[in-house]
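Q: Can you walk me through this one? I have the sequence and the model open.
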Amino acid sequence: MEVGSLMETVMLFQEARGGDKFLLGGKGYGLVEMTSLGLPVPPGFVITTDVCKQFYAAGGKVPAGLFDQVRAKIAEVERQTGKVFGGEDRPLLFSVRSGAPYSMPGMMDTVLNLGLNDRTTERLAAITRNERFAYDSYRRLIQMFGKISMGVDAESFERVLEDRRNRAGAKMDIDLSPRELREVAEEFKRIVKQKTGKEFPQDPYTQLELAVEAVLKSWNNERAKEYRRYYKISEALGTAVNIQSMVFGNFGETSGSGVGFTRNPSTGENRLFGEYLPNSQGEDVVAGVRTPIGIDRMDPRVRSQLQEVAKNLEAHFKDMQDFEFTVEDGKLYTLQTRNGKRTAQAAVKIAVDMAKEGLVSQHEAVLRVEPEALESLLHRRLDPTAKDKPLAKGLDASPGAASGVVVFDTDEAAKVGIGKKIILVRPETTPEDIKGLIAAQGVLTVRGGMTSHAAVVARGMGKPAVVGCSEIEIDMEAGSFTTKTGERIEKGETVTIDGTTGKIYRGEVKMVEPEPSPELTTLLKYADGIKRLGVWANADTPEAARKAREFGAEGIGLCRTERMFNAPNRLPIVRDMIMSRDAEARREHLYRLFPFQLSDFRAIFEAMGGQPVVVRLLDLPLHEFLPPLEELLLDIQSLKENGAAADDIHRAEAILSRVSQLAEHNPMLGHRGCRLAVTYPEIYEMQTKAILQAAMELRKEGKQSARVKIMIPLVALAGEFRYLRGVIDKAAENLFREAGSRVDYQVGTMIETPRAALTAREIATESDFFSFGTNDLTQTTFGFSRDDVEARFIPIYIEMGILPQSPFDSVDAAGVGRLVRTAVEEGRKAKGKLEIGICGEHGGDPKSISFFAEAGLDYVSCSAFRVPVARLAAAHAAMAQKTNAVTT
């Protein structure tokens, strides 16, 4: 049904030059550009994304006049091809395909062979003298159209095909005879009538109109919406519809369909990569129902043409291209091109290689790699010394390793994957499996090749994938799979898959930490030359500090000291300190801890020699170091029941009494951080002496120490900071006097309460530096308790659109961000060169890093393994700021 009116929104490929992906969709844009390059593109036209937007704005009604435009363009294509849509002598057939601005492989719908009916199929068989081809094409049309445009369930068609294969003793659809395919087509038409109450439409224009409407509706199918949520793609973009004259890869053994990549999408190697499936149509390749051959095994003449196509595509688009092609009776046609989805490893190598080849600049190379993509490069891999024997081997479709429990059902995977690591195991994946793929750590399929749906989607998500593993056989009903050696793996058992080698293992295999590749090192050097923000790391052990430095950290922005108190050999001393009734007794026990903390600081400062280390003094409330109340009550009851000594019972009751005294209704907002130190200043006094003595000892030994920065947590009042700075400076002066030497140090504070941000000018007069603790600042700004809200209602808020994402994942720019800006501005009014950083988890989030760069911070600090992510994100932020400055 048509509604309203529209301007020219249907354009032939040669007419649409100059349109962008947001108007033409990614697929349409690629077809238009390939046509302009003179590549062998079958003629066709694009219905722009504007139509999709109007379709949904009108409540799912096609704009008036659309199909008049479509008929006019069909007439043009008929002139170009010499064929007639709906004609019998030289029938023109079309594919109708979706095409969103951002690639969404397999998430929306496609109809092939559109225009066939009973009469044209008979004539096509006669004209081509290829009955098998004609009826294979017809049954495909009825199957696809019946499912997509008429709502028939796919299983009904599949059952017919399976029954036919079984009766004919055929392994694949391709093995069915022309007579059997004709009978399949007739049975498919009966299914359509039975399921819908309507005949399969014989009028080609009716088919076309229904197919266009179905493709527009597929923008909002569940798998497409799930995919957009995962990749944060706007719902408002809409899809284009591409209507293109058919070429036939299912014409016989000299025909076929394939997918090519101008470089290897798994490794980035500069070599034509791809797969080809003889006597097939394109959907067969990506669906993974048959395992294709490599491009290197194709006819050399056609392969040479493909290499020329690949060369032209890269020269034009200046990026790795993923292109679809069909060979019809020996003649090559290109059907689609897009920037290829690739693994993080490939993305880095391709970007660096293209910069070295002169195709792109170093700045462009940096922009080519999304910071989030680096996370998968920094995941663990299988330990090469592990002796585990593989169960089976498939195709190494997406690198990396993952362990998890086996799940066969997609819906179950989506549920189980919320709280447990899973491996999704399927005969092959389809677009409907997107929920399970998102939830899984990795995917294993029996069928499919390197360009199948599972391989493409897993690579795009940075997840390991092993596909085409014919060495296993799945029993979906029993919930198990069996290897060719007879080993059986049940649902719920743990397996490990290695997407780098294609191997599968029983159980959880030992893994090792990753090492940056030479290309990653080069890319990050490019990034370091661009970024303004410093990138520091959060680390509280020498090992973590060394790892941070290996990954390029320029300092330690947060060295937590709680671990130095609650290690097993120190906890009893801490508890003795807590049980003390006066400052003198507390000081005595604290100085029993002094050698431990001195040793810790020495090791960290030596690892970070010459670089800054920000040591956060004790933040946790004291009750965190004591046993939980419930546990103590049970222990006392057990002691009494078992006739324990009176002294043991008395000691346990004394601890219980102290736990009761220290208990708080809301510990996060209670007696912790600087408040604890105001009450018990001897704690910070001991820590200060351990920190500074460690630096002095290293210097005395001729070793380079880190630059010491002492940080006071949870300050809300300038008076708190002033008092505790006095405690720290007094302890330092006493130590320097006793030692006869001194070291430089700074004292700063964490800004993690709204009041501290609002009164930053007053605090800055006393403080040497600021560091935002955005975890607590987010909690105190929202009035959220993170541990409670993340599990209970934040997912609901996101689903309802109340929150765009969790404010603990990406900084809330409107609220928390406003406090950050205020603190930066006010702090620097007091001290123009006040150093300001951020050490919360947001320091490793690319979106937050962009905000912090724009807000004027000096550095971000994050976990060691996110340092490369932050370095790249800081470079992206610097380039975005420069671009914004030019445009404004």
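Q: Which residues is Ser-266 in contact with, leaving aside its neighbours within four places in sequence?
A: Thr-343, Gln-345, Ala-346, Asp-396, Ala-397, Ser-398, Pro-399 and Arg-459. Contact means heavy atoms within 4.5 Å. This is a predicted model, where local features need pLDDT of at least 70 and side-chain atom pairs count only at pLDDT 80 or more, while totals for chains, interfaces and linings use all residues. Residues are numbered from 1 along each chain as its sequence is written, and side-chain values use heavy atoms, with hydrogens and water left out.

Q: Is Ser-266 buried or exposed?
A: Ser-266 counts as buried because its relative accessibility is 6%. The cut-offs are under 20% relative accessible area for buried, over 50% for exposed, and partly exposed in between (1.4 Å probe, protein chains only).

Q: Where is Ser-266 found?
A: In the loop between strand E10 (256–261) and strand E11 (273–278). Strands (E, at least two residues) and helices (H or I, at least four) are DSSP runs, numbered from the N terminus.

Q: Other topic. Which strands close into the barrel?
A: Eight of them, in the order E28-E29-E30-E31-E32-E33-E34-E35, with parallel pairing. Two strands pair if DSSP finds at least two bridges between them.

Q: How many bridges do E30 and E31 pair over?
A: Five, with E30 covering residues 612–616 and E31 covering 707–712. Val-613 has Val-708 in E31 as its bridge partner.

Q: Which strands does helix H26 touch?
A: Helix H26 (residues 681–700) packs on the sheet and touches E30, E31 and strand E32 (745–751).

Terms used. Axes fitted to C-alpha atoms, helices over the stretch in contact; angles between N-to-C directions.
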